[in-house]
Amino acid sequence: MIFPTIEFAAFFVVVFVLSWALMPHPRAWRPFIVVASYFFYGWVDWRWVLLLTSSSLVNTVAARVIATSPSQLVRRRALIVAIVFDLGLLCVFKYLGFFVTEVDDFLDTLGLGSPLPLLQIVLPIGISFFTFQAISYVVDVYRGDTRAASLGDVAILQSFFPHLVAGPIVRANELLPQLRMPRDPRSVLAGPGLFLVAGGLVKKTVVADELARRVVDPVFNDPLAHSGAEVLLAIYGFAAQIYCDFSGYTDMAIGLALLLGFVLPQNFNRPYLALSLQDFWRRWHITLSRWLRDYLYIPLGGNRHGERRTYRNLMLTMLLGGLWHGAAWTFVIWGGIHGAALSVERWGREHVPGFRLPRWLAWLVTFNVVCLAWVFFRSPNLSTAFDMLGQIGAAGPSPLVTLPMVFLTVAAILVQALPNGWWRQAESWLVARPVAAQGVAFGVLLVISDAAVGQQGVAPFIYFQF
Amino acid sequence: MPAGRVLGVIVVALAIAALFNSEAIVRAGEGMKPGTTRDIVLSIGRPLDDVAGAIGFHLPRDGLDLAFGHDPKTASGTELEEGSTSILQKLRRRREAAAQAEYRQPTPKRPLDLFVTGDSEASFVGERLVDQAPRGLLDVETVARNGTALTNPAFFNWELNAKQEMESRNPEAVVMAIGGNDGFNVEVGGELYGPLDPEWQTEYARRVAVVLREMTRNGKRPVYWVPPPTARDDEFNAIYAAQNRAVKEAVRAVPGARYVDVYNTINGGKYSDELTIDGRRVLARQSDGVHFTRDGAILPTRLTLRAMARDYPALGRKAGP
């Protein structure tokens, strides 16, 4: 089930009412929210629920063993078993097909034929997200950062429907304490909740889908048929599209959770205002970057073992971050560009003290490096990516470069520069209006969003495939 | 804010959206797979749409559609829904009388302006035409209308859409890849018929002919119709076989129409997940047992190029075996 659909609207109204009705009775509320989340997840294919349930079960048992065993060896083994299981799930569903094909092709080039069976594996939506949450949970229990929770709580942590499909990647100590706190139905954070849902919807339908349909998809499908101006607009347009698509989804997820009384972590903080790549990664997909930092970069040694190891760790972290998105060389290169740029920045900071680019130039360089990496991220293969880059200087007519598309691209980037206070003032003003006026305002926004989408329906969110 | 007030805001917002978007609700319902959800959405949406339409609540949405540049994709009283099968005879006579049209041959300086459309199957075909055709001879624009079918015009009317697309884009040639979502019952003379009934097939041929007529401009524009391939599921396979016979009949009647036989040609008409392409074994079908993968889409694409090469010989240079 995806958020901007009739089915989800009906589902959410029922869940909203029952959730607040059952909130004073935690023993009823917990199974209810798990069942509701499983219903949400299993809407397309109920077998995926079995996968999610098995993940919760294995990680609950492992965390219990880690929390209760006095033996360090047993604790360590339980941690390893859980991580192997989690990564195993990810490998089977996400990487096995790619790996088998690559090995099979390699054997074929050696003249050994094609001995391996080609695998047809359906990627369960959200598996990368709930798997990373599971790993962070058992590692946190192992580190003593969080307490081992009951099966029901772990199931809620993994399956809570607002964040289940595409994040934010929530840590146990962010969500589980909230399950233990009583929530007051008289003070729902409606302003930010409704605002985030409405804003996310507009970002997705009015900006992301329009840019995709009118510029980005046509150009990336056939770069050689387009002029340099169209290619450039498609590259910057994709930067705007992916931001509005992904942050739009996250805004809706955070907003829906707020309406149910839960606070999820922030995932985006005006990323295209970043003045360096390091700054960018503190603003873009924040919950993934901190996951990579805490569960990959630091365990690899971080910056504690000399300069060379630091660069190696940075590169490894970003390459694996790229691979997390999918088994394709385009994602590896995307991660490689970010890893290399982060390394160059770090080298510059450490070896050229006092050197600082002017702010405007730092922004320009950072933004364009990010956009260069997006070319590989968006392209279906490497040759398309190189065609895109090679076509930037091409002359020719540019019918796709229209004022509305340029405006949408620029607006999606510039709107991030608006002060946060303005949004809060608007929220406060709206929440102070009568219920009917608020309802009409949000209803009108829904009508506009649906009209923007047109008959084609909402395109799938980009991050669903990860 | 108390939860009750929040619920009030949500309910008012959804009510406003439903009233002003009632047409969209009905369309969304028509596009759903048959089942309880579809029945519920339509049983609420249709009466709501009647009321909203009578009051004039459609007008703001119509204005917004205009502002966003969206043409309406459904209409009542179109020939696709209500026409007569005599169109097949009329077009066939016209085809027999007409001389074979001469088409402008593509060159690297002036590539062929090709429009690829249809249901979801059109996506990969359009994508692969770009890399399978001789470089620089095709200028491909692909618009896939996912989930659409000729037997579900209440959700998406292909006659109307073909007319709009041909008027606005005026391509030199069209590839139409569609059929995987057909199989809805059709009403002929007040009776409902299923895909295996001869009446359904005659009606389907008529609908294909109506859409082809809009696209071919009396044979001045060639249209390459790519029907669904064999499916893993026997029931689907039987439907596709019947449906494709109907498409062939329509194509024979309409000047400028070409049938690309992906059903009988690929793997000798036998379904297989895996196929060998250029000596390399690839996973050719997606897990649904119908759609091609990106690798597998090379096969229908090459068959399309082979069909196109009869009209545009230069395109045959790289079209595979």
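Trainee: How many aromatic pairs does a search of the whole structure find over all chains?

Mentor: A pair of aromatic rings is described by the distance of the centres and the angle of the planes. When the whole of this predicted structure is searched, over all chains, the number of aromatic pairs found is 50.

Trainee: Is the pair formed by the rings of A:Phe160 and A:Phe161 stacked, edge-to-face or tilted?

Mentor: The ring centres of A:Phe160 and A:Phe161 are 6.0 Å apart, and their planes stand at 55°. Planes under 30 degrees apart would count as stacked and those over 60 as edge-to-face, so the pair of A:Phe160 and A:Phe161 is tilted.

Trainee: Are A:Phe160 and A:Phe161 buried or exposed?

Mentor: Buried means under 20% relative accessible area. The relative accessibility of A:Phe160 is 2%, while that of A:Phe161 is 0%. A:Phe160 therefore counts as buried, and A:Phe161 likewise counts as buried.

Trainee: How many residues apart in sequence are the parts that the pair of A:Tyr243 and A:Trp284 ties together?

Mentor: A:Tyr243 and A:Trp284 form a tilted aromatic pair, with 6.5 Å from centre to centre and 40° between the planes. A:Tyr243 belongs to helix 10 (residues 228-259) of chain A, whereas A:Trp284 sits in the loop between helix 11 (277-281) and helix 12 (286-297) of that chain, so the parts tied together are separated in sequence by 41 residues.

Trainee: Over the face of which residue does B:Arg285 lie?

Mentor: In chain A, A:Arg183 lies over the face of A:Phe262, 4.1 Å from the ring centre. In chain B, at 4.7 Å from the ring centre, B:Arg285 lies over the face of B:Phe292.

Trainee: Leaving aside neighbours within four places in sequence, which residue of chain A is in contact with B:Val140?

Mentor: B:Val140 is part of strand 2 (residues 138-144) of chain B, and at 8% relative accessibility it counts as buried. With neighbours within four places in sequence left aside, its contacts include B:Leu114, B:Val116 and B:Gly126, and from chain A, A:Asp222.

Trainee: Leaving aside neighbours within four places in sequence, which residues of chain A are in contact with B:Asn21?

Mentor: B:Asn21 is located in the loop between helix 1 (3-20) and helix 2 (22-30) of chain B, and its relative accessibility of 6% counts as buried. Apart from neighbours within four places in sequence, B:Asn21 is in contact with B:Arg61 and, in chain A, with A:Leu446, A:Val447 and A:Asp450.

Conventions. Residues numbered from 1 in each chain as written. Chains lettered and ligands numbered in written order. Predicted model: local features only at pLDDT ≥ 70, side-chain atom pairs only at ≥ 80, totals over all residues. Heavy atoms only, no water. Buried < 20%, exposed > 50% of the residue type's maximum accessible area, 1.4 Å probe, protein only. Helix = DSSP H or I, 4+ residues; strand = E, 2+ residues; numbered from the N terminus. Lys NZ or Arg CZ within 6 Å of the ring centre and 35° of its normal. Contact = heavy atoms within 4.5 Å.
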